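Please look over the structure below before reading the notes. The briefing is arranged by topic.

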Amino acid sequence: METTPITTTTNGALATSGPVWGAAEDMASTDLVIAKIFHQQALSKYASDGKASAGDWCDSLTGEILAKKDKPLELIIFSSFKKLIISKLENGSYKWQSSEDVTPTNALLPWEEVLSNGDQIRRNMQYNYFCLIANKLDEMPYVISLQSTKIKAAKKLNTMFAKLARLGMPSAAYIFNFNSIKETGDKGSWFGVEISQGAATNAAQQEVAYEWYKKLKTSKVVIAEEEPTAAEDDSDSIPF
């Protein structure tokens, strides 16, 4: 009688080399939720709860610390998309209202505008990246978002991707290091990000990234968006 070889995954769970079976076999991609990576600030959810420190990188669903503030968050980025974030001025500060897919029409709208009803709104571009934690290939991917004070870092990252593309290489050809950096301004301090290109990915890392790229390119997924509180701007709370 033939038996299916059984192995263990990196976290010790049982796995088989045969067909995948179980509760997940009939689930579509829209049945899954992809968590975001939240960069904690002093007023962010998990930092406020004492589960993390300002500057840490956390799983938006569980609060798991993915990288401490003094360690780089090592990501393999395999896809991206853009959103337009709408904030409304209330009691002297802009508060999150909604997010929209970027279109040729709304991309040309002014960044600040007073609407016919008197509301004063601000539009901000948000760059979003599907990624894998470099040393956790057997886990679900994440989405990390860059906007507001991180917009320069996003454009630097996009430029590095463009250079790789000119060389015929995908964005997942390298690991990218996201480092927390303390920044200060007239109204206080916060944690920003410095992004650098790290080590080249190996064949196994590129293969997993490409499989997720193909899967997410052809199907819709649910991203764990949370409406920010008044103290948070998409969990990137800054003191202004």
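The model is a predicted one. Its second largest pocket has a volume of about 350 Å³, and the count of salt bridges comes to ten.

**Second largest pocket**

- The lining of the second largest pocket is made up of 16 residues. Those nearest the centre of this pocket are Phe 81, Asp 101, Phe 130, Val 221 and Ile 223.
- Two or more lining residues come from each of strand S7 (73-90), strand S8 (93-101) and helix H3 (203-217).
- Strand S7 makes the largest contribution to the lining of the second largest pocket, with five residues.
- Sorted by class, six residues of this lining are nonpolar, four are polar and six are charged.

- Side chains of opposite charge can pair when their charged atoms come close.
- Lys 83 and Asp 101 form a salt bridge through their side chains, with an N to O distance of 2.7 Å.

**Salt bridge between Asp 119 and Lys 88**

- Asp 119 and Lys 88 form a salt bridge in which the closest N and O atoms are 4.0 Å apart.
- Asp 119 sits in the loop between strand S9 (112-114) and strand S10 (120-133), while Lys 88 is in strand S7, so the pair connects parts that are 31 residues apart in sequence.
- Asp 119 is partly exposed, because its relative accessibility is 24%.

- In the salt bridge of Lys 156 with Glu 194, the closest N and O atoms are 2.7 Å apart.
- Lys 156 is part of helix H2 (residues 151-166) and Glu 194 is part of strand S13 (residues 188-200), so the two tie together parts that are 38 residues apart in sequence.
- Lys 156 is partly exposed, at 35% relative accessibility. Glu 194 is partly exposed, with a relative accessible area of 39%.

**A salt-bridge network**

- What is the phi of Asn 91? Asn 91 has a positive phi of about 55 degrees, although this residue is not a glycine.
- Asn 91 lies in the loop between S7 and S8. With a relative accessible area of 78%, Asn 91 is exposed.
- Ser 148, likewise a residue other than glycine, has a positive phi near 55 degrees.
- The loop between strand S11 (142-146) and H2 holds Ser 148. Ser 148 counts as partly exposed, at 31% relative accessibility.

- Lys 214 lies in helix H3, one of the elements that give two or more residues to the lining of the second largest pocket.
- The C-alpha atoms of Lys 214 and Ser 79 are separated by 9.7 Å, although the residues are 135 apart along the chain.
- Lys 214 is partly exposed, with 35% relative accessibility.
- Met 160 is located in helix H2. Because its relative accessibility is 14%, Met 160 counts as buried.
- From C-alpha to C-alpha, Met 160 and Gln 197 are 7.9 Å apart in space, against 37 residues apart in sequence.

**Nonpolar surface patch**

- Which residues form a nonpolar patch on the surface? The patch consists of Val 33, Leu 61 and Val 222, and their accessible area together is about 230 Å².
- Val 33 is in strand S3 (residues 33-34). Val 33 is partly exposed, at a relative accessible area of 42%.

Notes: Residues are numbered from 1 along each chain as its sequence is written. This is a predicted model: local features need pLDDT of at least 70, side-chain atom pairs count only at pLDDT 80 or more; totals for chains, interfaces and linings use all residues. Side-chain values use heavy atoms; hydrogens and water are left out. Patches are made of residues with over 30% relative accessible area and no salt bridge: like charges are joined within 9 Å, nonpolar side chains (Val, Leu, Ile, Met, Phe, Trp, Tyr) within 5 Å. Accessible areas come from the Shrake-Rupley method with a 1.4 Å probe; for residues, only the protein chains shown count as cover. Helices (H or I, at least four residues) and strands (E, at least two) are DSSP runs, numbered from the N terminus. Buried means under 20% relative accessible area, exposed over 50%, partly exposed in between (1.4 Å probe, protein chains only). On a 1 Å grid over the protein atoms alone, a cavity is a set of points where a 1.4 Å probe fits but cannot get out, and a pocket is an open set with protein on both sides within 12 Å along at least five of seven lines; lining residues have an atom within 4 Å of a point. Grid points are joined across faces, edges and corners, and a volume is the space filled by probe spheres set on the points. Ala, Val, Leu, Ile, Met, Phe, Trp, Tyr, Cys and Pro count as nonpolar, Asp, Glu, Lys and Arg as charged, and the others, Gly among them, as polar.
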